[in-house]
Amino acid sequence: MRLNTWRDITGRRLVRKVAKVREEKVGMAGASGKKEKVDKAGASGGGKKKKDVKKETGLGLSVKKDENFGEWYSEVCKHEMIEYYDISGCYILRPWSMAIWEIMQTFFDAEIKRMKVKNCYFPLFVSPGVLEKEKDHIEGFAPEVAWVTKSGKSDLEVPIAIRPTSETVMYPYYSKWIRGHRDLPLKLNQWCNVVRWEFSNPTPFIRSREFLWQEGHTAFATKEEADEEVLQILELYRRIYEEYLAVPVVKGMKSENEKFAGGLYTTSVEAFIPNTGRGVQGATSHCLGQNFAKMFEINYENEKGETAMVWQNSWAYSTRTIGVMIMTHGDDKGLILPPKVASVQVVVIPVPYKDANTQGIFDACTATVSALSEAGIRAEEDLRDNYSPGWKYSNWEMKGVPLRIEIGPRDLENDQVRTVRRDNGVKEDIPRGSLVEHVKELLEKIQQNMYEVARQKREACVQEIRTWDEFISALNQKKLILAPWCDEEEVERDVKARTKGETGAAKTLCSPFEQPELPEGTLCFASGKPAKKWTYWGRSY
Ligand code: 87F
């Protein structure tokens, strides 16, 4: 076995078997390999316990995903994705997560522009008057609305609300801007933050008091146009989840209880987190019908010279997407990023060796990054000299970089590089001559595999049930329940009441557009009345 030697900054020789650096499951703290920094007095601080090193290096998760999911999630998030803030429910999005948001934003923004949606920006503040206008729909949400009541030490004459969503901010101007049929359709979108003063358990990305989203608000002359757009947007949301985040979702219709009360109907994409057995609403695309048009008098003169009312839609996805992705893919080593949203898709790490050509190895790393970057692959090298290769492996694994390339003396000799996949750990030696094609292919495979693994995990959780007893048993087993339902509001309320417990009540997630066959005579699992449709049920975030 070859020996791999490098020196720490004290000049002390650190010797490690090469095979070990490469093959050991770089057990985080244990293999920290971080060369201890020397203080001015020259003490190396050697002899530290593993635990201390772990604390110092910040490497390694202290819990396993299957053992304590909540703690695991929080630790993974804290590793460069977010920072906790001194206001509960608010989080700092660090560059590592913001980059993911920006990549999704680039995709979605281009797609909606192709649909002739235009971007705009409305103010953050809402006057109480307009908010009042939407009273009926806001009623349930009112406790979550945050207000500004002071400037400096003096009370504002009229308190001002902070937007929790922008219907009431925007629609008075829709009324002003839309006059005749030539002003339609009006399709606007804004990328912004919103504030909802949640009281239930805040969770990074999933439930925070301020979050980023896009909100689209469109107005049409006909319901047909509005209906069509609802589904076009929903398809874009599906693509964000499935093609970018590699998270399988179900497209479907929300129940009357779960739809946006101000609208006509709500469609959504729903994801599922196997570890907690909870559904999570991924994004929503609403047809608002003419409710807001009535409230805000959004009328226009049609071709016949008559006054008509517009049909409206609104749709949004938020930074919650990132939380769903983390929960879906992360493992005991940390995050796993799908290549399509990773700001660093490939990290190149030199593995220097005793008397070998270190400069040659470093140059090969730089050349590798250049070749990949030129081909449009997001690659970075990690040439830091105060960390060992093993430490770097762990660190980039924790950050979820989809592919690692290692270059050591033997690779240099053989004109090859070693690739290591983050999703399944598979290693390969590839000739530098075919580097770019190979890496492209690997990244595609990783993306596909991550989706496929997530889909299989979700499929394994889906349980079709027919009776109440089966429902309860499936719920206790954290299943994603597909049940025949009579589609009555009262029955959903009843199910909620009957399943209320510490972990929250079960409710409908959506009725999938793709419906399995529903044989005649099938009865509702909860009411025993004739079933109208198959619906997904479960606890949810
Ligand atoms: C919280 C406080 C006040 C949700 C709220 O989904 C109001 C609301 O209206 C509120 N939480 N909603 C519903 C938002 C509906 C709709 N808005 C535009 C969307 C998509 C984007």
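This report describes the surroundings of the ligand in this structure and then some single residues and elements of the chain.

The model is a predicted one, in which local features need a pLDDT of at least 70 and side-chain atom pairs count only at pLDDT 80 or more, while totals for chains, interfaces and linings use all residues. Residues are numbered from 1 along each chain as its sequence is written, and side-chain values use heavy atoms, with hydrogens and water left out.

**The ligand and its shell**

The ligand is surrounded by 16 residues, of which the closest are Phe 141, Thr 165, Glu 167, Arg 196 and His 286; a residue counts as near a molecule if one of its heavy atoms lies within 4 Å of it. By class, this shell holds 8 nonpolar, 5 polar and 3 charged residues, where Ala, Val, Leu, Ile, Met, Phe, Trp, Tyr, Cys and Pro count as nonpolar, Asp, Glu, Lys and Arg as charged, and the others, Gly among them, as polar.

| Residue | Ligand atom | Distance |
|---|---|---|
| Glu 167 | nitrogen | 2.6 Å |
| His 286 | oxygen | 2.7 Å |
| Thr 284 | oxygen | 3.5 Å |

Taken alone, the ligand exposes 480 Å², and the protein buries 94% of that; such areas come from the Shrake-Rupley method with a 1.4 Å probe, and for residues only the protein chains shown count as cover.

Strand 10 (210–220), strand 13 (278–289) and strand 16 (311–318) each supply at least two residues of the shell, and strand 16 gives the most, with 3 residues. Helices (H or I, at least four residues) and strands (E, at least two) are DSSP runs, numbered from the N terminus.

**Buried parts of the chain**

Helix 10, which covers residues 320–329, is mostly covered, since 10 of its 10 residues are buried, where buried means under 20% relative accessible area, exposed over 50%, and partly exposed in between, with a 1.4 Å probe and protein chains only. Among the buried residues of helix 10 are Arg 320, Met 325 and His 329.

Ser 268 belongs to strand 12 (residues 265–273) and is buried, with a relative accessible area of 0%. The side chain of Ser 268 is joined to that of Glu 270 by a polar contact of 2.7 Å. Ala 474, which lies in helix 15 (residues 468–476), is also buried, because its relative accessible area is 0%. The C-alpha atoms of Ala 474 and Gly 538 are separated by 9.2 Å, although these two residues are 64 residues apart along the chain.

**Backbone details in loops**

Leu 184 and Pro 185 are joined by a cis peptide bond, with omega about -5 degrees, and Pro 185 is found in the loop between helix 7 (167–177) and strand 9 (186–195).

Lys 116 is not a glycine, yet has a positive phi of about 70 degrees. The loop that holds Lys 116 runs between helix 4 (95–114) and strand 5 (118–119), and Lys 116 counts as exposed because its relative accessibility is 63%. Glu 297, likewise not a glycine, has a positive phi of about 50 degrees; Glu 297 is placed in the loop between helix 9 (291–296) and strand 14 (299–301), and is exposed, with a relative accessible area of 53%.

Definitions and conventions:
Polar contact = N/O pair within 3.5 Å; in protein donor to acceptor, adjacent residues only side chain to side chain.
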